[in-house]
Amino acid sequence: MTDARQDSYDVAVIGAGMAGMSAALFAAERGLSCIQVGSGGGLLFASGLLDLLGVHPVAEHRLWQSPYAALAALAREQPDHPLARVDAGSIRSAFETFVTALAAAGLPYAPLGERNRNVLTSIGTVKTTFGVPRSMSAGVDALDARPSCLLVDFRGLREFSAHQIAATLGRSWPGLRYQRIEFPGCEVVPELYAAHLARALEAGETRERTIARVKPLLGDARAVGFPAVLGLARAGEVHAAFEAGLGVPVFEIPTMPTSVPGLRLLGALEAAVSARGVRRRHQATVRALAFDGNQGTATLELDGVPGGERVRARAVVLATGRFSGRGLKADRGEVRESILGLPVQQPTSRETWHQRNFLDPSGHAINRAGLLIDDAWRPLDADGKPAWPRVFAVGSILAHQDWMRSKCGSGLAIATAWAAVDQVARQLRVTAAG
Amino acid sequence: MLFQTALYASLALCVLGLVWRFSVWFRVRIGPDARDVTPAQRLAAVFRGATSALFSRRMFHVLAAFFLDVLLLRRLFAQARLRWLGHLLILVGFTLLLLMHALAPLVTAKLFQGYQSTLDPYLFLRDLFGAMVLIGVALLLIGRWRRRSGLPQARRSIDAAFVALLAFALVTGFLLEAHKIASPRAFYRMADQFIGATDAEKLEPLRAFWASEFGVAFDDLSGPIDANMVEQGRQLHRDACAFCHAKPASAFVSYPVARVLAPVTGLLDDARADAWLLYLHVFACLLGLASLPFTMFFHVVAAPISLLVNSAAVNRDFSAQSFSSEARASRRALALDACVRCGICDLRCSVAPIARYLGNPGLLPAHKLITTGALACGLLPRSGHEDEALRAADGAFLCTDCGRCTSRCPVGLDLEDLWEAGRGDLAAAGLPAPAQWLQARPALAWAESLEPGPWQHALSDAEATFAPLAADRGTFSRCVQCQTCTNVCPVVAHSIDPEHGVDLTPQRVMNLLRLGLRDLTLGSRMVWDCATCYQCQENCPEGIRVADIMCELRGLAVRRLGAVRGWREVS
């Protein structure tokens, strides 16, 4: 399974965003040999927070404290929503498997539990989410209890303002203070970048000097918040050192994307899938995908590999995302699926893609466009039949969902990947037995 | 008398030339660190170094180098077998020819009693040695032809003339010998001297024998020769000639030539070919002797010395650090002379494709060695040759210091040390590296002098071919300004000094490109400080070739300005 020359795999995952990474991870955990094609760059836009389902229905913007209750409501009221096709037990298993793998790759999460949590954003608003990195979990508690709390930022780091957060929340959180400090060693640098600070803080000396600058400002603070720059590859170690040095709970607040938590997530997922023997072609794109008969294999022709490459796989998982992931392409007339040219469920004309009001609470029809699937997660062709027996589609490319407004991006990716990989395993077993 | 005078004159020229070339090793200053060292200090340092090596264990390294590197050409063997064979043939053939043939009265005659050039084995050996040199030269020429890469090879016309002279001396030598074998005139002269030419009774059988067995081309002897006559002649030959004459067939090159020349031997005899061939042969050899120190064939002296000097280095990696700065200065000058212009470095050079692309052979090591020498001797830059200096500077600063030239050099020259010194000299001569002068001004100031009018948004056709990524909006239009490139950039991360740090971050460079303000980026420190680590390109979520674009922008800036013009603008 780990032979470098192997060019034939059980499953080829196209896409390396949240859904593609999840599919590759779950496939490898099931012992399937797997190749993954595509850049994980999209993950850099992630905040590290794992949403499951926060809002339902979208038009009412109803927030749920229990994601599983929200899922049950979704299943009743929108049965064609992809998340409605996955049972709660599978979703629990999928999330547990996912965060366990991340923890093993050096990115620990707070225990998931059954409830959504509220997290501070870098502009002082509150976001509802489900999975919270351990480095941010003290912020959830602080936001709930609102004790005396200090927010720290660094002069020159333009993407994060403790002042702004405190100004937004100050009225409902009287104990919230903010302080701006100089980042050690960068006193004359006009502009700072989060990832560079994160790397710098992995050096013990910079860390100690930062802690020493914050300590006199603590006062009666019972918790301290920082922009999410506390380490990159060794974030756990840096966070622990800050808590030990300051003697109070320390939490990170995600900065604007692309952010350090996004870099951490990308790094941890890359490490997790690679450690499980997944072959990665992270600079490649799929030029062509062809199928050899009904029960045969798929052949992927790759671009972006020196000299090109051909890969054969018994099953294909399409996790190519929407427009920014380039899984869907839109032109003046219509939206098309970019690799196989699969039919895309979409509004009949371009005039009906969007509402008149950009911020219309019910969202836009184009955002719910996507691939239709059968019960086994196989995208349908123009006749409503599976396009090929072992092509599966997961993540945001699926129709009938508006993950941004539902706050269900990670949940959609992880849960559908889990369910589809389950189908992949089944299908391959059937083929092997037959 | 004429020969003697010519010989002494040539010898004197040769010795003067050698002294001059040796003196260069102590006079020429290459590199900034050589500037404050006097010739006397250098001479003393070399003397000190040589004595300390002589009386230490390093002497064994020197001895090993002498046998393996100097005599057996070990380093060339590792690089090119055919050339090694050719070179070894020349080395052995020429040395033995010199000792046995040219210096016969001094060497061979003293060592071997009864030496006669017309006796075996000397007769055979002379042809053998001559043939070895000829074959060797042919092999090297074939090798040179096979290696032609489209770029001019580093050589001077005087060196080519010297090769022609060497070949000419060999050919005239063979012709002279061939003519003497076939010449009736030479036969009669010898016959007259040893048996009395008037005695027809003796002369006829001897003629018959020499015509049939020794290939003398008598024009009055035709048709089958009487066997009895030949037998009589053999007796006479045994008594009078055999002491000095073996069968010329053992001169395996000249004898067949003599047979070919037989029909015209009479004509040649009448034209006194023996005399003028001798003159041509001797004067060619003497001219070679006199001019040797002034050609690159001086390497027959310099290359062995260079090999031995390097073998005496304290550090076994032969690095420049093994030598004092005084000795280093001399070692560089010695390297200039020891280069054999074999061009192996050019073939292995990492930037050779760039040299081909730019059409500037000044990038290639063998060429660069010549310009480094010219620069040190004050021959560059000179008025009327600014272009040459500019090309030399371009070449010097495009070198990546990969060290392949040094590791492959069959003479073991420390070329990296030479390049570093040469760059120092270029900077001192007013030709520093583009990155140096480009940083003297902010990007905005450069943008103004890079373009005559308002900043051009489109590249000219020539520039677009040269910089296809920068010319194509599709390359960077997908940029969403997410700042990932800046976040992962180690140059930005280490840029903690606003005075000299980066001015534009990578994502700002991309943004200027998107806005069509490309010329604003050309002189920016970000573009010129880029370490080409490719982190930006690897991590870009939109798959934009950020690092490749940076490279193009640097090339574009240099192309627009030219190194000399750009530097003059800031100086």
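Guide: B:Leu73 counts as buried because it has 21 C-beta neighbours inside 10 Å. The terms are these: buried means 20 or more other C-beta atoms within 10 Å of a residue's own, exposed means 12 or fewer, and partly exposed lies in between, with C-beta atoms placed from the backbone. The model is a predicted one, in which local features need pLDDT of at least 70 and side-chain atom pairs count only at pLDDT 80 or more, while totals for chains, interfaces and linings use all residues. Residues are numbered from 1 along each chain as its sequence is written, and chains are lettered from A and ligands numbered from 1 in the order in which they are written.

B:Leu73 sits in the loop between helix 3 (58–71) and helix 4 (74–79) of chain B; helices (H or I, at least four residues) and strands (E, at least two) are DSSP runs, numbered from the N terminus. Its phi is near 55 degrees, a positive value in a residue other than glycine. B:Arg341 also has a phi near 55 degrees, again positive in a residue other than glycine. The loop that holds B:Arg341 runs between helix 16 (325–338) and helix 17 (344–348) of chain B. With 19 C-beta neighbours inside 10 Å, B:Arg341 counts as partly exposed.

Another loop of chain B, between helix 6 (108–111) and helix 7, contains B:Pro121. The peptide bond from B:Asp120 to B:Pro121 is cis, with omega near 5 degrees. Helix 7 (residues 122–146) of chain B packs with helix 5 (residues 81–102) of chain B at an angle of about 150 degrees, and their axes are 7 Å apart. Axes here are lines fitted to C-alpha atoms, for helices over the stretch in contact, and angles run from 0 to 180 degrees between N-to-C directions. The crossing of helix 5 and helix 7 of chain B is left-handed, that is, the near helix is turned anticlockwise from the far one by less than a right angle. The residues of this contact divide into 18 nonpolar, seven polar and two charged. Ala, Val, Leu, Ile, Met, Phe, Trp, Tyr, Cys and Pro count as nonpolar, Asp, Glu, Lys and Arg as charged, and the others, Gly among them, as polar.

Chain B also touches chain A: 16 residues of chain B are in contact with 17 residues of chain A, contact meaning C-beta atoms, placed from the backbone, within 7 Å. Helix 28 (484–488) and helix 29 (490–493) of chain B are the elements that give two or more residues to the chain B side. Helix 28 of chain B gives the most, with four residues. By class, the chain B side has eight nonpolar, six polar and two charged residues.

On to chain A, which has 11 helices and 15 strands. Of its 434 residues, 49% are buried. In helix 2 (residues 67–77) of chain A, the buried residues are A:Pro67, A:Ala70, A:Leu71 and A:Leu74. Seen down the axis of helix 2 of chain A, these fall within an arc of 100 degrees, so they line one face of the helix. Helix 3 (88–104) of chain A is part of what covers them.

Strands 11 and 12 of chain A form a hairpin with five residues between them, and A:Gly304 in the turn has a positive phi of about 85 degrees.

Key:
The arc is that of the directions from the helix axis to the C-beta atoms. Two residues are in contact if their C-beta atoms, placed from the backbone, lie within 7 Å. Two strands pair if DSSP finds at least two bridges between them.
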